[in-house]
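Student: Could you show me how to read a model like this one, feature by feature?

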Amino acid sequence: MANITSFSGVQNFIMRVVATDYNQFAIVFYRIVQDGVQSVATLLGRTTELNPELRKRFVNFAMTLGFTDENIFFSDPMEKCMDV
């Protein structure tokens, strides 16, 4: 979102790296203002399997933001990143 003008309707956004070890994971939080406020929390990993303690840490963080179990999910790991 470096070029906010290319995202139609987005008035403002905040992005924060909440936690990272720079080698294995990052927890990132976004707050997007676009016809209301939308909050997104993302757990990014560099391996296909994430440590269960890290997943628990992410869930606890998301719940402090008001997310519920229905709002928190983990996608299936990708075998290989796609080149863009």
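The dialogue below goes from confidence to the sheet, the helix and a few side chains.

Student: Before the features, what should I know about the model and its numbering?

Tutor: This is a predicted model, in which local features need pLDDT of at least 70 and side-chain atom pairs count only at pLDDT 80 or more, while totals for chains, interfaces and linings use all residues. Residues are numbered from 1 along each chain as its sequence is written, and side-chain values use heavy atoms, with hydrogens and water left out.

Student: What is the mean pLDDT of the protein chain?

Tutor: pLDDT is the predictor's confidence in each residue, from 0 to 100. Where pLDDT is low, the predicted coordinates should not be read in detail. Here the protein chain has a mean of 83, with 80% of its residues at 70 or more. Confidence is lowest in strand β3 (residues 37-45), with a mean of 87, and highest in helix α1 (residues 52-64), with 95.

Student: Which order do the elements of the protein chain follow from the N terminus?

Tutor: Helices (H or I, at least four residues) and strands (E, at least two) are DSSP runs, numbered from the N terminus. This protein chain has one helix and three strands, and the order is β-β-β-α.

Student: How many bridges join strand β1 to strand β2?

Tutor: Strands of a sheet pair through backbone hydrogen bonds, either parallel or antiparallel. Two strands count as paired if DSSP finds at least two bridges between them. Strand β1 (residues 12-20) and strand β2 (residues 25-33) run antiparallel, joined by eight bridges.

Student: Which residues have a positive phi in the hairpins?

Tutor: The hairpin of β1 and β2 has four residues between the strands, and there Y22 takes a positive phi near 70°. Y22 is a residue other than glycine. With a relative accessible area of 67%, Y22 is exposed; the terms are buried for under 20% relative accessible area, exposed for over 50% and partly exposed in between (1.4 Å probe, protein chains only). In the hairpin of β2 and β3, with three residues between the strands, D35 has a positive phi near 50°.

Student: How many aromatic pairs are there by the rule?

Tutor: A pair of aromatic rings is described by the distance of the centres and the angle of the planes. Rings of Phe, Tyr and Trp (its six-membered ring) pair if their centres lie within 6.5 Å; planes under 30 degrees apart count as stacked, over 60 as edge-to-face and the rest as tilted. The count comes to one aromatic pair. F58 and F74 form this edge-to-face pair, 6.0 Å centre to centre with 65° between the planes. F58 lies in helix α1 and F74 in the segment after α1, so the pair ties together parts 16 residues apart in sequence. F58 is buried at 5% relative accessible area, whereas F74 is partly exposed at 29%.

Student: Which charged end sits over the ring of F74?

Tutor: A charge sits over a ring if NZ of Lys or CZ of Arg is within 6 Å of the ring centre and within 35 degrees of the ring normal. In this model the charged end of R55 sits over the ring of F74, 3.9 Å from its centre.

Student: What share of the protein chain is made up of buried residues?

Tutor: Of the 84 residues in the protein chain, 20% are buried.
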